[in-house]
Amino acid sequence: MTMRITTSKTKVFFDEAKISYIDSTIIIGKNKLHYIETGEKTNPTLFFVHGSPGSWDAYKDYLKDTLLLKKYRMIAIDRPGFGYSNFGKAENLFEQSSVIEQFVEKIKNGKNIYLVGHSYGGPIIVKMAVDKPNTFKGIVILAGSIDPDAETPEKWRKIFKAKPIRYIVPGALRPANDELIWLKEDLKIMKPTLYKITANVVVIHGTQDPLVPYSNVAFIEKEFVNAKSMEVISIKNANHFIPWEHFETIRNKLLNLKE
């Protein structure tokens, strides 16, 4: 239940694809942020942020895609609390975003940076675009949970957060449970700041998403009033797992982001 793959399995994956990669960790204060990088260092950056729970390997097929590799340097992180980034220690939306923003400062190369976030990764990249409106050229929100009113946290989550029951929650499910309990309030706090987003925005969402309601799309269109551009791609009858079940649709959009 750790929702992560070992270093040896990572090597096998990229070796079989005949793709060069970097597997590394950057220390930011008390935080370790683990990441995988592929592509030419001098290219614009696609920066991937996974959902809850999860790790960098949610995007492994993108990181080895030959078409994307021709255009981008690609980086996929383990968010704080997941994978090999301070595993098990949950942080709220604002703490995570701050750590990841500091990571970006260390790895940016002077070229355009595009943020891609799925599910809980959606509000993470939105907060980053709020905090650093001049740093990111575009953000791609994949089934992202942005609207606080659409968040309906299950009552059982608080039961599993309480001691001693929380200690029987296995692996990555514990930090996932914690951050999802906090998310609704975090989104309420973030909502008044959404006008600060000035990046190009792409929203890709399945119309039958049972986990993050499609109504988030209308919320984003309404609240991102200063976005440089707004494009919505609605995938008819698709569920929450669009990064994997609709790979080509998403990959093709990433290949044609506004510069």
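The model is predicted, so local features are given only at pLDDT of at least 70 and side-chain atom pairs only at pLDDT 80 or more, whereas totals for chains, interfaces and linings use all residues. Residues are numbered from 1 along each chain as its sequence is written, and side-chain values use heavy atoms, with hydrogens and water left out.

**Salt bridges**

- The structure holds 10 salt bridges, a salt bridge being a side-chain nitrogen of Lys or Arg within 4 Å of a carboxyl oxygen of Asp or Glu.
- One of them joins the side chains of K71 and E259, at 4.0 Å from N to O. K71 belongs to helix α3 (residues 66-71) and E259 to the segment after α10 (247-254), so this pair ties together parts that are 188 residues apart in sequence.
- K71 is partly exposed at 25% relative accessibility, while E259 is exposed at 64%; here buried means under 20% relative accessible area, exposed means over 50%, and partly exposed lies in between, with a 1.4 Å probe and protein chains only.
- K127 pairs with D131, their closest N and O atoms being 2.5 Å apart, and both residues lie in helix α5 (residues 121-131), 4 residues apart, which is about one turn of the helix. K127 counts as buried at 13% relative accessibility, whereas D131 is partly exposed at 33%.
- E185 and K188 form a salt bridge with closest N and O atoms 3.3 Å apart, and the two are 3 residues apart, about one turn, in helix α7 (residues 173-190). E185 counts as partly exposed at 45% relative accessibility, and K188 counts as partly exposed at 38%.

**Helix α4**

- Helices (H or I, at least four residues) and strands (E, at least two) are DSSP runs, numbered from the N terminus.
- Helix α4 (residues 93-107) has 15 residues and should span 21 Å at 1.5 Å a residue, which agrees with the 21 Å between its end C-alpha atoms; the expected span is 1.5 Å times one less than the number of residues.
- The N-terminal end of α4 is capped by N92, whose side-chain oxygen lies 3.0 Å from the backbone nitrogen of F94.
- The buried residues of α4 include L93, Q96, V99, I100, E101 and F103.

- V201 sits in strand β7 (residues 200-206) and is buried, with a relative accessible area of 1%.
- Leaving aside neighbours within four places in sequence, V201 is in contact (heavy atoms within 4.5 Å) with I139, I141, F224, A227, S229, M230 and E231. V201 and A227 are 26 residues apart in sequence, and their C-alpha atoms are 6.6 Å apart in space.
- K253, which is found in helix α10, is buried with a relative accessible area of 13%. Not counting residues up to four places away in sequence, K253 touches V202, I204, E231 and I233.

**Surface patch**

- L211, F241 and W244 form a nonpolar patch on the surface, with about 310 Å² of accessible area together; accessible areas come from the Shrake-Rupley method with a 1.4 Å probe, and for residues only the protein chains shown count as cover.
- Patches are made of residues with over 30% relative accessible area and no salt bridge, like charges being joined within 9 Å and nonpolar side chains (Val, Leu, Ile, Met, Phe, Trp, Tyr) within 5 Å.
- W244 lies in helix α9 (residues 242-245) and counts as partly exposed, at 42% relative accessibility.

Note on methods. Polar contact = N/O pair within 3.5 Å; in protein donor to acceptor, adjacent residues only side chain to side chain.
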